[in-house]
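I opened my notebook today to look up a core, a hairpin and some pockets. Come along and check each entry against the picture.

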Amino acid sequence: CLVGSEMCIRDSIKGIPEKTTLETMLLDKTYQIRFKKLDGDERKMTCTKQEKSIPQNRLPKNKSVPNEKNITVWDTNANDWRSFRYDRIIEVTELDV
């Protein structure tokens, strides 16, 4: 985020890590992300990017360029890939999994 930008200030006040920091955190642990869906509904998702938590046959095969506004994660409850918009995150909670 741009230092001093409205979004950066909002995120730091709410305790939401910067996007690149959150993506790095997801590589090491599982988190519950609470966010607002595009239709306005609120959702909680338990997710990670830890390779050990993703079935071998579902690991990414290539490094496609994702939409820079989205974060793609492995939803541990749905056992599938999901994405959400970073700017719609309400809360990030580390889980002991």
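**Entry 1: the core**

I looked up the largest nonpolar core and found 14 residues in it, of which Ile33, Phe84 and Ile89 touch the most other members. I noted that such a core is a set of buried Ala, Val, Leu, Ile, Met, Phe, Trp, Tyr and Cys residues joined through side-chain atoms within 4.5 Å. At least two residues of this core come from each of α2, β1, β2 (42-48), β3 and β5 (89-95). β1 gives the largest share, 3 residues. Helices (H or I, at least four residues) and strands (E, at least two) are DSSP runs, numbered from the N terminus.

I must remember that this is a predicted model, where local features need pLDDT of at least 70, side-chain atom pairs count only at pLDDT 80 or more, and totals for chains, interfaces and linings use all residues. Residues are numbered from 1 along each chain as its sequence is written, and side-chain values use heavy atoms, with hydrogens and water left out.

**Entry 2: the hairpin**

Next I followed β3 into β4: the two strands run antiparallel and are joined by 6 bridges. Strands pair if DSSP finds at least two bridges between them. Trp74 stands opposite Trp81 in β4. The hairpin has 4 residues between its strands.

Most residues other than glycine have a negative phi. Asn79 counts as partly exposed because its relative accessibility is 48%; buried means under 20%, exposed over 50% and partly exposed in between (1.4 Å probe, protein chains only).

I looked up the largest pocket, with a volume of about 630 Å³. Among its 19 lining residues, Lys49, Pro60, Lys63, Thr72 and Trp81 are the closest to its centre. α2 (19-28) and β3 (70-75) are the elements that give two or more residues to this lining.

For my own use: on a 1 Å grid over the protein atoms alone, a pocket is an open set of points where a 1.4 Å probe fits, with protein on both sides within 12 Å along at least five of seven lines, and lining residues have an atom within 4 Å of a point. A volume is the space filled by probe spheres set on the points.

The second largest pocket has a volume of about 150 Å³. Phe35, Arg43 and Ser83 are among the residues that line this second pocket. β4 gives the most to that lining, with 3 residues.
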